[in-house]
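Hi there,

Here is the structure I promised to pass on. Have a look at it first, and then read on for what turned up.

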Amino acid sequence: MQKRFFLNTVALGLLLAHTGAAMAQEKFKIGLILPMTGPFASTGKQIEAAARLYMAQNGDTVGGKKVELIVKDDTSAPDVTKRIAQELVVNDKVNVLAGFGLTPLALATAPLATQSKTPMVVMAAATSSITQASPYVVRTSFTLPQAAVAMADWAPNNGIKKVVTLVSDYGPGIDAEKYFKDRMLFNGAQVLDTLRVPMRNPDFAPFLQKVRDLKPDALFVFVPSGAGAALMKQFSERGMDKAGIKLIGTGDITDDDILNSMGDVANGVVTSHHYSASHNSPLNKKFVAAFEKANAGLRPNFMAVGGYDGMRVIYEAAKTTKGGNGEALLNAMKGQLFESPRGPMFIDAQTRDVVHNIYIRKVEKVGGQLFNQEFSTIPDVKDPGKTK
Ligand code: DHB
């Protein structure tokens, strides 16, 4: 009797263990690593909100498995991103890593993606070289060369012949400076100076003073998402606009997240980018309305759309592979072609980088609110930073 009880208990234990394993297997895990605190928290907030919206709209089961979204705050410190990624891969056994709010955070994690053969979906970081840091990287954000070249083609045709550039001194800023400058020179314009400010807590004042003295037709700026408001404020306080110096840049400086709070100084600023909350398509209108509804009126910015499209790429790959992982999951991400809230979007199978339209936009008041109004489209732009 006692022996049978013992055997039954063992059998039950085995059964439970087995069921437990089966249940664990039935999960499709997404490790979403984002800066949720610190100076780049708006990037994390936008991407998390977009990922949750995607799941609310598309269900939390994919390829026959239950989706588990594990969100972690890396505080925008590269060593923390890397440690969290390691824990997610080793302990949680995630199918895919995602997020990456800044270039250094993506670059710190890329070797781990390669070693562990874990697909890594970059939803925010935008330095060209990131996709070359690991064959497991797929990007759904954009690249600075895509945006910078478009602006350098627009400006000289619109009365801007002499410029100074001002960029954050790290990967995306250096990309923006290089591709903008080279294209401006190619187009016969002059670049009077190239200025770089620290990535964190920049004081623009001494640099803007220098720009005033140089008297260019325009100042071209790249700063990361969230930093645009401080730049605008100091640009206005220094009387740059009154001195007849126009402000142009990539759309990172007229970020939809904070555009309305920038006030009149932002009005009329022309930028180039892949996404505007006022992009005129039925799909985008639906996206913006749903995002605002789910987030107390918060307007989605280009970070949100990178996160939303990243989830689309992950979900479709999970469907194709029935909740797979490793190289199979990676391969199912390559070559995806779909309509995004930004417009048509393609994941180039060769480069694993995003191909999409770049729009030239002007900040205008619509219904009492500031928006980036798209007025010109450069279709299907590949990353000019890729040599092959
Ligand atoms: C990066 C970060 C940003 O916030 C942005 O707007 C563009 C690029 C980056 O670190 O790659």
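**The cavity and its ligand**

By class, the residues lining the largest cavity are 13 nonpolar, four polar and one charged. Please keep in mind that this is a predicted model. The count comes to one cavity of 30 Å³ or more, and the space in the largest cavity is about 130 Å³. Its lining is made up of 18 residues, of which Gly101, Ala124, Tyr170, Pro224 and Met303 are closest to the centre.

The largest cavity is where the ligand sits. There are 14 residues around the ligand, and those that come nearest are Thr103, Ala126, Tyr170, Ser225 and Asp252. Sorted by class, this shell has nine nonpolar residues, four polar ones and one charged one.

With Ala126, by contrast, a backbone N or O atom is involved, 2.8 Å from an oxygen atom of the ligand. Ser225 likewise has a backbone N or O atom 2.9 Å from a ligand oxygen. How much of the ligand's accessible area does the protein cover? On its own the ligand has 290 Å² of accessible area, and the protein covers 100% of that.

Best wishes

Definitions and conventions
Residues numbered from 1 in each chain as written. Predicted model: local features only at pLDDT ≥ 70, side-chain atom pairs only at ≥ 80, totals over all residues. Heavy atoms only, no water. Near = heavy atom within 4 Å. Polar contact = N/O pair within 3.5 Å; in protein donor to acceptor, adjacent residues only side chain to side chain. Areas by Shrake-Rupley, 256 points an atom, 1.4 Å probe, with all protein chains shown as cover. 1 Å grid on protein atoms, 1.4 Å probe; cavity = no way out; pocket = protein on both sides within 12 Å on 5 of 7 lines; lining within 4 Å. Sits in = over half its atoms within 2 Å of the grid points. Nonpolar A, V, L, I, M, F, W, Y, C, P; charged D, E, K, R; others polar. Points joined across faces, edges and corners; volume = space filled by probe spheres on them.
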